[in-house]
Amino acid sequence: MISHAANHLVDVYFQYRTPHLPIISRLQVEECLDSAYATTSGHQPPNNTAEKNIFTTYMVLVIALCDLPGPSGNGRPSQSEGCFGSAVNWIENVITYSKSDIETLRTILLLTQFVALCPSRGSLWHLTGTALRLCIDIGLHWETEEQAVGMDPDLLNERRRLWYSTYQFDRILCITLGRPFGIIDESARVPLPNPWTASLDSI
């Protein structure tokens, strides 16, 4: 059974982080949470998908803990560091056995989201650059009319969400550091993701 604390942290994650960084939908998080609890409690055998779900669950909890006020009024660094350490234990398997580049990109963006809050835990410049290069390799930066008409709507919307999450990280970082953008606007053509999809996922 999923604890009340875990559900509360998922609420915190979506209240404070995803309106402008829609890396993962609430439905995806809830599925990962269910799978992670079933695996760690011995109710389902571990496999590559379960490992990915455990990593994702830990990363969502890590990021939420950065926003959850502690006794001092700030985040909860010790708990956040503990969850991050647990997530890192799974990252090699998650990257190695990722079923698609989309999954790999989501993994990198979750790490980027955490490092943006805790810069001492990694290189935001390196992670953002890696995410952007992967987006371009996949073709997320340029959406054709054929894709818009023929692709599964959920997949299409996810591609748009991941592109704009990466785009925002690149813009914020480059503007802050005074560096050139990783990709100019003229080289990208992607409609905004559908906000109603995120609303339906949270019901």
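This is a predicted model: local features need pLDDT of at least 70, side-chain atom pairs count only at pLDDT 80 or more; totals for chains, interfaces and linings use all residues.

Visitor: At what angle do helix α6 and helix α8 pack?

Guide: For two packed helices, look at the angle and the distance between their axes. Here α6 (residues 124-138) and α8 (residues 153-177) pack at about 140 degrees, and their axes are 10 Å apart. Angles over 145 degrees would count as roughly antiparallel, so α6 and α8 are oblique to each other. Their crossing is left-handed.

Visitor: Which residues of α6 and α8 meet?

Guide: From α6, the residues include L124, W125, T128 and A131; from α8, they include R159, L162, W163 and D170. The residues of this contact divide into twelve nonpolar, two polar and two charged.

Visitor: How many disulfides does the count come to?

Guide: A disulfide requires two cysteine sulfur atoms within 2.5 Å. The count here comes to zero disulfides. Take C66: the closest cysteine sulfur, in C118, is 3.8 Å from its own sulfur, which is too far for a bond.

Visitor: Is L156 buried or exposed?

Guide: Under 20% relative accessible area counts as buried. L156, which lies in helix α8, has 7% and is therefore buried. C32 is also buried, with a relative accessible area of 7%.

Visitor: What is L156 in contact with, leaving aside its neighbours within four places in sequence?

Guide: L156 is in contact with E143, Q147, A148 and M151. As for P193, 37 residues apart from L156 along the chain, the C-alpha atoms of the two are separated by 8.4 Å.

How values were computed:
Residues are numbered from 1 along each chain as its sequence is written. Side-chain values use heavy atoms; hydrogens and water are left out. Axes are lines fitted to C-alpha atoms, for helices over the stretch in contact, and angles run from 0 to 180 degrees between N-to-C directions. Helices (H or I, at least four residues) and strands (E, at least two) are DSSP runs, numbered from the N terminus. Angles under 35 degrees count as roughly parallel, over 145 as roughly antiparallel, 65 to 115 as roughly perpendicular and the rest as oblique. A crossing is left-handed if the near helix is turned anticlockwise from the far one by less than a right angle, and right-handed if clockwise. Contact means heavy atoms within 4.5 Å. Ala, Val, Leu, Ile, Met, Phe, Trp, Tyr, Cys and Pro count as nonpolar, Asp, Glu, Lys and Arg as charged, and the others, Gly among them, as polar. Buried means under 20% relative accessible area, exposed over 50%, partly exposed in between (1.4 Å probe, protein chains only).
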